Amino acid sequence: MKTFLLPDLGEGLTESEVVAWRVAEGDTVELNQPLADIETAKAVVELPSPYAGVISKLHAGEGETVAVGAPLIEFDVDGAGAAPSPAPADEPAPSPEAGPVATPEANEVAPAPEAPAEPAPAEAEPEKVQVLVGSITVHGGKPQRAARSWDVEPFVRAERRGPNRAMPPVRKLAKDRGIDLQSVRASGDGGLVTRADLDGHGAAAPAAAPASTREKVTGLRKHTAAAMTQSALTVPHAATFHQVDVTETLALAKSGDASFLALASRAILLAAKRWPDVTAAFHADTNELERFAHVNLGIAVSTDRGLVVASIDEAETMDAVRLTAEIRDRAVRAREGSLSMAELTSSNITISNVGVFGVDGGIPILNPGESAIIALGAIRRLPWEHEGQIALRDVCTVTVSFDHRVLDGREAAGFLADIAAVLERPSLALAR
């Protein structure tokens, strides 16, 4: 008998939620076969099997939260295909000559090697194996956790049961709605069920809602609540805002291959060159200010599971057309739940486009560890002074929230004024 303990699938997380089981008690599984969809604080990941054998017990049900290091699955293993125990955490990582290393794949893990062990006595207690996931790397001067992978064996995805497939957030939504995925007409490639397919699926009308309900906050929303509370209570927030005539920038977006958000991002990146401390981080424990070599631009994305910030690393090296593609990619994968942990933790300044919700602006709370966040409001057609005349112009409210330990009002106002100057008078330098 082998007991598989829930590994740390995130940045030092203490717990994760079982979104959906891919196996049941009594099933025979292969090494690396997906066992479950596990929701960390920022993403839904597939958990592969560290053993080949028979599932004898599942220690948690779907929707339950499991502590890291707690028993998750019991295996009846015959010895063949069992994953070896990982090396102790304090041992140095193997050199490239020591053996093959898996290419990092977002949200995926594969087992690590071990030396052969003597068989346990028949009466011995079940062996508990803890799995090491990920490694720490440094990028642009900021520690990051690499994409999840174990060393040697490549991760092999098992064929899903039934003709219909779906991404983990869609499977969870179907479960919440009581919809059998196999009864849904899939519009995606290869039988992939999308959220739109679920929305269009004929379901019975819900019963009348009770006067009030309570729902346990877990996963991403629980993490966001804790992070925003910590940020609001520990960082001295201040904010400044400016109404900007973006008529020419909007016209440039409509006439070319770059989106307005990408052009606004370029303006922010150009302004950050003149005010580099907007991407710095204040470390209260050591009273140190950490500055970074690159601007890793965080894009706030609203998903069914809650808000995530997806990073575009070294964004200052990209033109507006490239940024348009990168922003679209991050938004799609954020909603699918397929971003890597590195992509969710490496940003050092964030932009939030609240204007897509039709609001004129707001004062956003800083993403923990960052010193500035920019909010773009809705673009309104307003009477505006232009070249000495009153004309209808496209106007947008831009707000900068900042850490007053890092930036003073002069620096924050200068940063915002530079953003506005570029948006009001864009040139080819903005898009190239």
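View 1. Val 359 is found in the loop between strand 19 (349–352) and strand 20 (372–386); helices (H or I, at least four residues) and strands (E, at least two) are DSSP runs, numbered from the N terminus. The model is predicted: local features need pLDDT of at least 70, side-chain atom pairs count only at pLDDT 80 or more, and totals for chains, interfaces and linings use all residues. Residues are numbered from 1 along each chain as its sequence is written, and side-chain values use heavy atoms, with hydrogens and water left out. Val 359 is partly exposed, with a relative accessible area of 36%; buried means under 20%, exposed over 50%, and partly exposed in between (1.4 Å probe, protein chains only). Together, Val 356, Phe 357 and Val 359 make a nonpolar surface patch of about 310 Å². Patches consist of residues with over 30% relative accessible area and no salt bridge, like charges being joined within 9 Å and nonpolar side chains (Val, Leu, Ile, Met, Phe, Trp, Tyr) within 5 Å. Accessible areas come from the Shrake-Rupley method with a 1.4 Å probe, and for residues only the protein chains shown count as cover.

**View 2. The aromatic pair.** A search of the whole structure finds one aromatic pair. The ring centres of Tyr 51 and Phe 75 are 5.2 Å apart and the planes stand at 65°, so the pair is edge-to-face. Rings of Phe, Tyr and Trp (its six-membered ring) pair if their centres lie within 6.5 Å; planes under 30 degrees apart count as stacked, over 60 as edge-to-face and the rest as tilted. Both Tyr 51 and Phe 75 are buried.

View 3. Within helix 1 (residues 168–177), the buried residues include Pro 168, Val 170 and Leu 173. Asp 176 forms a salt bridge with Lys 172, the closest N and O atoms being 3.4 Å apart; a salt bridge is a side-chain nitrogen of Lys or Arg within 4 Å of a carboxyl oxygen of Asp or Glu. The two residues, Asp 176 and Lys 172, lie four residues apart in helix 1, about one turn of the helix. Asp 176 is exposed, at 53% relative accessible area, whereas Lys 172 is partly exposed, at 25%. Just after helix 1, Gly 178 takes a positive phi of about 70°.

**View 4. A buried salt bridge.** Arg 393 and Asp 245 meet through their side chains in a salt bridge (2.8 Å, N to O). This pair links distant parts of the chain, with Arg 393 in strand 21 (residues 389–403) and Asp 245 in strand 14 (residues 237–245), 148 residues apart. Arg 393 and Asp 245 are both buried.
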